[in-house]
Amino acid sequence: MQMVIAVLCDSTELEKRQSELKEELEVVVGLVERCVTENARVALDQDEYTERYNGLVSRYEAVKAQFDEVTQAVADKADRKKLLEQFLHTVEAQEPIVEFDERLWSSLVDFMTVNSEKDIRVTFKDGTEIQGQ
């Protein structure tokens, strides 16, 4: 089970991408700063400067959006890992189940939705949802 958790929650590639995006953000920030500094020192055509500046800002915003998305994915995987490890700990400490166990149920199920007698959905804490018939 630990190996499954490790595979499901591995964020190595995401962290690598996060690092690459962080470096790219730093480069773009440097380019923006250089652009502003150059405009302050040298008389530049303001239309060209504005176009260049806006292009850099757009690039920064696009990279920042990717960075934020990857950062959230890394955090989501860490949260999922913590949740799965808590579940595993609960299951490992559990005696064989011979009757309903409220503690085990509470550690697995987030909530249930009853739409009708024939449409009951169980949503587990990991986000998995099953529909009962």
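Glu-129 is partly exposed in this predicted model, with a relative accessible area of 46%. The side chain of Glu-129 meets that of Arg-121 in a salt bridge, with an N to O distance of 3.5 Å. Arg-121 is likewise partly exposed, at a relative accessible area of 24%. Through salt bridges with shared partners, Asp-119, Arg-121 and Glu-129 are joined into one network.

Three strands make up an open sheet in the order S1-S2-S3, with antiparallel pairing. Strand S1 (109-116) and strand S3 (129-132) are the edge strands, each pairing on one side only. From one strand to the next, the twist averages 20°. Strand S2 (residues 119-124) runs antiparallel to S3 and is joined to S3 by four bridges. Gln-131, in S3, is the bridge partner of Arg-121.

The count of salt bridges comes to six. One of them links the side chains of Arg-17 and Glu-20 at 3.6 Å, N to O. Both residues belong to helix H2 (residues 12-41) and are three residues apart, about one turn of the helix. Arg-17 is partly exposed at 34% relative accessibility, and Glu-20 is partly exposed at 37%.

A further salt bridge joins the side chains of Arg-59 and Glu-24 (3.9 Å, N to O). Because Arg-59 lies in helix H3 (residues 46-93) and Glu-24 in helix H2, this pair ties together parts 35 residues apart in sequence. The relative accessible area is 36% for Arg-59, which is partly exposed, and 27% for Glu-24, also partly exposed.

A nonpolar surface patch is formed by Met-1, Val-4 and Leu-8, with about 280 Å² of accessible area together. Val-4 is located in helix H1 (residues 2-8) and is partly exposed, with a relative accessible area of 43%.

Methods:
Residues numbered from 1 in each chain as written. Predicted model: local features only at pLDDT ≥ 70, side-chain atom pairs only at ≥ 80, totals over all residues. Heavy atoms only, no water. Patch = residues over 30% accessible without salt bridge, like charges linked within 9 Å, V, L, I, M, F, W, Y side chains within 5 Å. Areas by Shrake-Rupley, 256 points an atom, 1.4 Å probe, with all protein chains shown as cover. Salt bridge = Lys/Arg side-chain N within 4 Å of Asp/Glu carboxyl O. Helix = DSSP H or I, 4+ residues; strand = E, 2+ residues; numbered from the N terminus. Buried < 20%, exposed > 50% of the residue type's maximum accessible area, 1.4 Å probe, protein only. Pairing = 2+ DSSP bridges. Axes fitted to C-alpha atoms, helices over the stretch in contact; angles between N-to-C directions.
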